[in-house]
Amino acid sequence: MKKLSTHLLSLLILLSTAAWSQESPQLQLPRVTLSAGMHLINAQVAATPQQRAVGLMFRKEMPVNEGMLFAFEQAAEQCFWMKNTLLPLTAAFVADDGTIVNLADMQPQSLESHCSSKPVRFVLEMNQGWFSKRGLKAGSRLSGPPFTR
């Protein structure tokens, strides 16, 4: 009986820890410095399925020149929504060479889907308005380690 109680307690602790971690922002992902002309971006890199699934969820604030770069294994139509994301964001869908294919403004806590207009491997999320305030649009180019071949 004592062994069963210990197993149940361990299971409850494991489940509560998993639930807690799913409701907290991921702040310790690897980072990369990107540039858009003279503007530097400090981007966290979400490269695994779990990191990409959590993305910027539960984040209450994000510094002006920070963002998250979602890196996928293969180019495909990428679609994003904002469930559990508290910040208004703009997603830049980015080709392998760093060219912005299209941009999408996304509203917090919405299930509306925003997709790339053609297959891409990268999506860069920044605070909403970051790209437009710097005159960046479809056809603008980002540079940095992910985009060099």
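Predicted model: local features only at pLDDT ≥ 70, side-chain atom pairs only at ≥ 80, totals over all residues.
Colleague: How are the planes of Phe72 and Phe80 arranged in their aromatic pair?

Modeller: The ring centres of Phe72 and Phe80 lie 6.3 Å apart, and rings pair if their centres lie within 6.5 Å. The planes stand at 85°, and because an angle over 60 degrees counts as edge-to-face, the pair of Phe72 and Phe80 is edge-to-face. Phe72 is itself buried, with a relative accessible area of 17%, and its arrangement with Phe80 is edge-to-face.

Colleague: How many aromatic pairs does the rule give?

Modeller: With ring centres required to lie within 6.5 Å, the count comes to 5 aromatic pairs. One of them joins Phe70 and Phe80, with 4.8 Å from centre to centre and 80° between the planes, which is edge-to-face. This pair links distant parts of the chain, as Phe70 lies in strand 3 (residues 66-76) and Phe80 in strand 4 (residues 79-80), 10 residues apart. The number of aromatic pairs is 5.

Colleague: Which residues form one aromatic cluster?

Modeller: Phe70 and Phe72, both discussed above, belong to one aromatic cluster. Its complete membership is Phe70, Phe72, Phe80 and Phe93.

Colleague: Where is Leu56 placed, and which residues does it touch?

Modeller: Leu56 sits in the loop between helix 2 (49-54) and strand 3, and its relative accessible area of 2% makes it buried. Its C-alpha is 8.4 Å from that of Leu86, although the two are 30 residues apart in sequence. Leaving aside residues up to four places away in sequence, Leu56 touches Met62, Met68, Thr85, Leu89 and Glu125.

Colleague: In strand 2, which residue is the bridge partner of Thr33?

Modeller: Strand 1 (residues 31-36) and strand 2 (residues 39-46) pair in the antiparallel sense over 6 bridges. Their hairpin has 2 residues between the strands, and Gly37 takes a positive phi near 65° there. Within strand 2, the bridge partner of Thr33 is Asn42.

Notes
Residues numbered from 1 in each chain as written. Heavy atoms only, no water. Pairing = 2+ DSSP bridges. Helix = DSSP H or I, 4+ residues; strand = E, 2+ residues; numbered from the N terminus. Phe/Tyr/Trp six-rings, centres within 6.5 Å; stacked < 30°, edge-to-face > 60°. Buried < 20%, exposed > 50% of the residue type's maximum accessible area, 1.4 Å probe, protein only. Contact = heavy atoms within 4.5 Å.
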